[in-house]
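Below is a walk through a structure, starting where its chains meet and moving on to the fold of one of them.

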Amino acid sequence: MDSTVKYPTPQGNPETKHFWEQTVEGKLLIKRCTACGEAHYFPRSICPFCFSDQTVWEESSGEGEIYSFSLMRKSASGPYAIGYVTLKEGPSLLTNFVDCNMHSLKIGQKVKVVFKSTDGAPLPFFTPV
Amino acid sequence: MTIKGKAYLAGIYEHPTRHAPDKSTSQLHAEIAKGALEDAGLTKADIDGYFCAGDAPGGVMAMVDYLGLKVRHFDSTDTGGCSYLVHLGHAAEAIAAGKCSIALITLAGKPRTGAMRPRATGAELDFEAAYGATTHNIYGMCAMRHMHEFGTTSEQLAWIKVAASHHAQYNPHAMLRDVVTVEDVLNSPMISDPLHRMDCCVVTDGGGGLIVTTEAIARSLKKPLVRMIGHGEAIKGPRGGKDLDLTYSAGVWSGPRAFEEAGVTPKDIKYASIYDSFTITVLMQLEDLGFCRKGEGGKFVADGNLISGVGKLPFNTDGGGLCSNHPVNRGGMTKIIEAVRQLRGQAHPKVQVPNCDLAIAHGTGGLLGVRHAASTCILERV
């Protein structure tokens with residue numbers, strides 16, 4: 001989607017409030033469980049792997065690579081590229097690829113996080129490095 | 001406890017409409033219930049169990065009241081397009097446990113006439129909603145990854161649509177009855193890479209229904225006997241982003257459960273109804289169910305292998321969702337109905353599989369590349 005697209009404002013909740021406070025600072029957070037050591041995304045209070053409540057916030061490098069993608073040729077706001085990024089820290093997340101030539105995306109391509117504004121907290125997107 | 005041989009499919013009905021602007025959705029459910037009861041030779045007063053999903057206006061309470069049912073068992077599990085394959089398994093469980101003896105399952109809706117309600121969302125909403133996930137691009141991502149890992153081609157995917165079109169030409173109710181070629185599919189407009197328009201299913205109004213009952217009641221009726229011998233269900237998602245793997249579906253779990261309960265293997269299956277929201281959906285399901293090895297789906301579907309009378313595994317002989325009908329964007333119901341027609345020997349003569357005594361009906365629901373469910377039903381002619 002291009003820069004004229006209006007993205008939905010994250011609603012947030014007590015479990016995710018800190019995540020959205022940090023996107024304002026340009027930081028992408030993930031959660032890590034101190035009991036089993038696994039990282040996950042999107043953030044939960046209770047670890048989805050070992051069910052421990054000992055999860056802590058961790059700043060992601062914001063770097064990763066494209067796991068898969070698809071270029072949607074038409075939409076009300078024009079073409080856009082949806083995809084999954086696998087972060088350096090391990091978890092994969094759903095996103096869009098922006099500020100790039102969407103026709104030259106490749107699986108395995110290195111990407112980094114960029115934030116796009118909304119009426120509230122900014123949202124994470126990714127762009128090729 | 002097993003459901004093997006405990007539940008019989010006594011009634012089926014596929015609404016002939018593909019466009020119903022002049023009917024209400026509740027009305028379509030009622031017409032379908034009536035059609036399934038007439039097919040079974042039963043009446044509304046006989047029904048003591050009812051199953052419906054998210055397409056049913058107002059949910060199970062409103063539907064039971066609207067239809068004027070009096071039931072002692074009900075289930076409104078909603079797992080998108082495979083809900084009805086889940087319902088069939090749950091109805092078999094309820095019948096095996098004596099919780100009901102004649103169950104009605106209905107699906108109906110009008111996505112071709114008007115916009116669908118948005119999908120229900122969970123805790124992922126803020127983290128996914130902004131990125132424009134649609135069925136097209138999410139299934140596109142599955143196809144893209146499959147091509148990357150296994151060398152699957154658009155030509156191979158196109159063969160799935162070609163096979164469906166060969167079957168649809170004999171179905172007078174099919175929305176698309178023209179036989180198409182691999183080239184036709186590849187030359188159709190790109191919707192969301194790498195899926196072309198002809199890789200996508202149709203959008204239709206309509207629906208279908210089933211009557212599921214006990215052996216004793218089924219034997220008292222006049223229809224050929226078709227029974228459930230195995231069922232499996234499963235749910236898969238990215239699970240914290242750790243388990244993301246778009247090359248397989250929850251069918252890798254639901255399939256083996258169903259085959260084990262039935263005591264048969266994919267080699268024994270004479271006819272396969274496989275959910276075909278997109279061509280890639282079929283290819284992945286065939287691999288996941290064990291009809292071929294993972295990554296070899298492209299070779300398996302090529303050269304007409306899914307065409308009845310031509311290939312080794314006749315599939316979706318009504319034309320499937322790709323050509324005939326995909327009521328309410330939920331294809332699980334019509335998968336069961338065509339499998340029952342095949343087992344009864346009542347499919348169109350041009351596509352009827354000779355001596356069809358064992359069939360599979362399988363589907364996924366939700367979004368294959370995000371979070372989805374799968375349900376596998378194995379059906380036998382007695």
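**The contact and chain B**

In this predicted model, the contact draws on 34 residues of chain A and 28 residues of chain B. On the side of chain A that touches chain B, strand S4 (63-72), strand S5 (80-87) and strand S6 (92-97) of chain A each supply at least two residues. The most comes from S4(A), which gives six residues to that side. Sorted by class, the side of chain A that touches chain B holds 20 nonpolar, twelve polar and two charged residues.

Chain B can next be taken as a whole. Its secondary structure amounts to 13 helices and eleven strands. The C-alpha trace of chain B spans about 55 × 50 × 40 Å along its principal axes. A compact globule of 382 residues would have a radius of gyration near 21 Å, and chain B, with 19 Å, agrees with this. Of the 382 residues of chain B, 61% count as buried, that is, with 20 or more other C-beta atoms within 10 Å of their own. The contacts in chain B can also be sorted by separation in sequence: among those between residues at least 6 apart, 78% join residues at least 24 apart.

Helix H1 covers residues 25-40 of chain B, and at 1.5 Å a residue its 16 residues should span 22 Å. The end C-alpha atoms of H1(B) are 23 Å apart, which agrees with that expectation. How enclosed is H1(B) by the rest of the structure? Twelve of its 16 residues are buried, so H1(B) is largely enclosed. Among the buried residues are B:Leu28, B:Ile32 and B:Leu37, and the list also includes B:His29, B:Glu31 and B:Asp39. Which elements cover the buried residues of H1(B)? The cover includes strand S1 (7-14), helix H2 (59-67), strand S4 (102-109) and strand S7 (206-213), which belong to chain B. Just after H1(B) comes B:Gly41, with a positive phi of about 80°.

Definitions and conventions: Residues are numbered from 1 along each chain as its sequence is written. Chains are lettered from A and ligands numbered from 1 in the order in which they are written. This is a predicted model: local features need pLDDT of at least 70, side-chain atom pairs count only at pLDDT 80 or more; totals for chains, interfaces and linings use all residues. Two residues are in contact if their C-beta atoms, placed from the backbone, lie within 7 Å. Helices (H or I, at least four residues) and strands (E, at least two) are DSSP runs, numbered from the N terminus. Ala, Val, Leu, Ile, Met, Phe, Trp, Tyr, Cys and Pro count as nonpolar, Asp, Glu, Lys and Arg as charged, and the others, Gly among them, as polar. The expected span of a helix is 1.5 Å times one less than its number of residues. The radius of gyration is taken over C-alpha atoms; the globule rule is 2.2 Å times the number of residues to the power 0.38.
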